[in-house]
Amino acid sequence: MPAIDPVTLSVVWGGLISTAAEMGSTLLRAAYSMTVREGSDFSTGVFDADGNMIAQGDYSPGHLGSMAYTVRQMLDWYPAETLAPGDAVICNDPSIGSGHLPDLFMVTPVFLGDRRIGYVVNIAHHMDVGGSAPGSEEVVGVRETYQEGIRILPVKLYKGGEAVPEILRIIEGNVRIKDVLGDLRAQYAANLVGVARFRALAEQYGPDALAAAMAEILEKSREGMIAALAELPKGTWRFEDQLDDVGPGTEPVPFRLSLTITDDKVICDWTGTGTQREAGLNCYMQYTRSYCIAAIKGVTLPRAPQNFGIIQCIEIRAPKGSYVNPNPGAASGARSVNANRIYEVVMGAMAQIVPKRVIAASSGFHNPKIFGAVSPFTGKPYLAWMSAVGGMGAHFHRDGNEVTTSPTNGTNTPVEVQEMNAPVFVERMELIPDTGGAGRFRGGMSLRKDVRLLADKGRATNLGDRQKTVPYGLGGGSPGIRAKAILNPGRADERELESKGTYDLVKGDVLSMQTAAGGGYGDPLTRDPKRVLDDVRAGLVSIRAAKDLYAVAVKEHPLAVDVDATFKLRARLARDGRSV
């Protein structure tokens with residue numbers, strides 16, 4: 001291969017990254033569903049001719065970590081010689097892809113003349129792919145993949161630029177809403193943009209030079225990761241946490257990790273984690289791998305573009321048949337609830353190695369879907385995707401962000417969009433004061449979101465966690481509060497719901513989602529009183545909590561820190577060896 005000068009390498013690298021980014025912006029603008037269009041639940045990537053991931057868009061870690069391995073498996077089904085310009089291969093098999101049926105991969109080859117120079121890939125989360133529950137993410141009563149929706153092994157959806165109508169009809173006949181077909185076409189449009197941009201780079205620099213540049217990108221990325229590991233101590237560290245349960249009346253799922261750092265590799269060994277469960281929550285290896293990679297890269301090499309050169313320095317081990325590496329066929333539709341637990345267990349281990357680079361546990365989310373046969377406004381079936389996301393865990397240097405999807409990197413869907421697309425009314429959406437884990441830096445607050453059903457009836461599948469276990473704090477920081485899910489709050493028929501379950505709703509019912517809050521970082525007694533006062537002024541912390549959580553006395557009229565009272569209060573607590 002020809003030698004590549006540093007300037008050309010930099011320009012090509014930037015061109016490949018921008019190709020993936022432009023694919024993402026195309027998919028976002030062309031998509032039909034709110035999961036893709038407003039929720040940003042998709043990802044994009046650019047691969048070389050050997051199926052190595054070279055560049056990616058800045059989207060979901062759950063997709064990007066799995067993409068590097070999924071494409072290789074899909075190409076085993078469709079070797080290079082079986083593909084032609086304009087083809088697109090799709091797949092949503094959980095054991096091949098990102099771990100559940102709603103995520104559908106699409107791979108398109110890139111040619112310059114008769115020469116195949118690489119592949120462009122995207123993955124999108126579809127609002128529904130059939131199965132026993134709306135949104136295809138039911139937990140309770142689901143024991144195997146076949147109950148969860150249509151399963152598509154690698155197959156060509158497009159041949160020579162034309163859609164295969166028979167495949168589209170099979171998909172259409174197995175889904176509740178037709179947005180799926182629009183999103184599939186949007187995925188293909190995004191790949192066509194990627195093909196054009198990728199081909200333009202090959203035309204400008206020549207296919208040999210482009211191939212050489214991609215090979216060097218992989219090597220330099222691998223070297224960068226090894227250099228980052230060289231700065232860390234070598235050894236093994238352990239951490240564990242648990243998922244509340246896998247449905248009403250079930251046992252928690254322990255997550256146990258041994259993390260080992262060597263000269264050229266990080267090894268995540270999940271031996272000791274619970275066994276796979278008869279519920280729609282099992283976490284296939286691709287998804288486990290994704291959030292291990294996300295956490296490790298975020299701590300070791302956060303500013304470098306992710307590709308296979310970095311990923312190959314991270315090894316994931318998990319016993320077959322375990323919850324984080326189930327046998328094929330295990331139900332997994334609602335596996336997204338595991339993202340936080342995997343990421344945070346890895347972060348907990350890394351906190352013992354590089355405490356200034358990690359964050360405490362975040363809130364997680366409530367992610368219910370409400371489905372009904374008839375909307376009173378359109379006369380058609382509806383599916384409301386009603387996610388609610390709370391705050392992030394605190395960092396060594398800063399407070400946790402409010403209402404931010406960590407680590408999944410999605411977005412909060414606007415209330416107006418949710419109300420426009422389904423017969424629901426969002427009555428309340430607000431931060432809950434005094435909920436973020438106390439610390440020198442505070443965890444992000446809980447979010448409350450109340451949704452009223454306007455249709456005659458609907459069926460809600462709830463998905464959440466942290467109603468029994470709290471998001472942990474670090475460095476002496478307090479945990480965030482637990483989550484709640486309440487049906488009809490403040491009414492005579494009010495009742496607390498399980499975090500995972502399916503519930504029938506009637507017109508006027510209100511589903512109240514109250515997320516957990518992020519954990520704090522550092523001793524609350526060391527928090528700057530001015531920061532506490534700012535939180536009081538913002539309505540995030542009450543005057544009483546300022547005293548109880550941070551030992552900061554706040555005068556009420558006008559709002560101000562009582563410096564003398566605060567000094568005496570903190571001094572007394574420190575003298576007695578007590579924390580707040």
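Predicted model: local features only at pLDDT ≥ 70, side-chain atom pairs only at ≥ 80, totals over all residues.
1. **Main core.** The largest nonpolar core holds 107 residues. L16, L259 and W270 have the most contacts inside it. Helix α6, residues 207-230, gives the largest share of this core, ten residues. In general, nonpolar side chains in soluble globular proteins tend to be buried together.

2. **L16 and its partners.** Take L16 as a way into that core. Beyond the residues up to four places away in sequence, L16 touches V46, I54, A55, F198, L201, M214 and I217.

3. **Largest pocket.** About 950 Å³ of space lies here. The lining has 38 residues, and D58, A294, G298, P302 and Y343 are the closest to the centre. Four elements each supply at least two lining residues: β2 (53-56), α3 (61-77), α7 (285-300) and α9 (338-350). Helix α7 makes the largest contribution, five residues. By class, the lining has 17 nonpolar, 15 polar and six charged residues.

4. **Second largest pocket.** The space in this pocket is about 390 Å³. It is lined by 21 residues. I177, P381, Y382, L383 and N421 lie nearest its centre. At least two lining residues come from each of α2 (34-37), β14 (382-385) and α10 (415-421). The largest share, three residues, belongs to α10. Eleven residues of this lining are nonpolar, four are polar and six are charged.

5. **Largest cavity.** The model has two cavities of 30 Å³ or more. The largest cavity has about 380 Å³ of space. Of its 28 lining residues, D41, S336, F365, W385 and T408 are the closest to the centre. Elements α3, α7 and β12 (365-366) each give two or more residues to this lining. Note the make-up of the lining: five nonpolar, 18 polar and five charged residues. Helices α3 and α7 also supply residues to the lining of the largest pocket.

6. **Second largest cavity.** This cavity has a volume of about 60 Å³. The residues that line it are V337, N340, R341, S363, G364, F365, G464, D465 and R466. Two of them are nonpolar, four polar and three charged. F365 is also one of the residues closest to the centre of the largest cavity.

7. **Strand β17.** Strand β17 runs over residues 446-453 and is mostly covered, with seven of its eight residues buried. Strand β16 (residues 424-432) pairs with β17 in the antiparallel sense, over eight bridges. In that pairing, V424 stands opposite L453. Strand β22 (residues 510-514) is also an antiparallel partner of β17, over five bridges. Here R448 has Q514 as its bridge partner.

8. **Y503.** This residue lies in strand β21, residues 500-506. Is Y503 buried or exposed? Y503 is buried, because its relative accessibility is 11% and the cut-off for buried is under 20%. Apart from neighbours within four places in sequence, Y503 contacts G458, R459, A460, N462, R495, L497 and E498. G458 is 45 residues away from Y503 along the chain, and the two C-alpha atoms are separated by 8.6 Å.

Terms used:
Residues numbered from 1 in each chain as written. Heavy atoms only, no water. Core = buried A, V, L, I, M, F, W, Y, C linked by side-chain atoms within 4.5 Å. Buried < 20%, exposed > 50% of the residue type's maximum accessible area, 1.4 Å probe, protein only. Contact = heavy atoms within 4.5 Å. 1 Å grid on protein atoms, 1.4 Å probe; cavity = no way out; pocket = protein on both sides within 12 Å on 5 of 7 lines; lining within 4 Å. Points joined across faces, edges and corners; volume = space filled by probe spheres on them. Nonpolar A, V, L, I, M, F, W, Y, C, P; charged D, E, K, R; others polar. Pairing = 2+ DSSP bridges.
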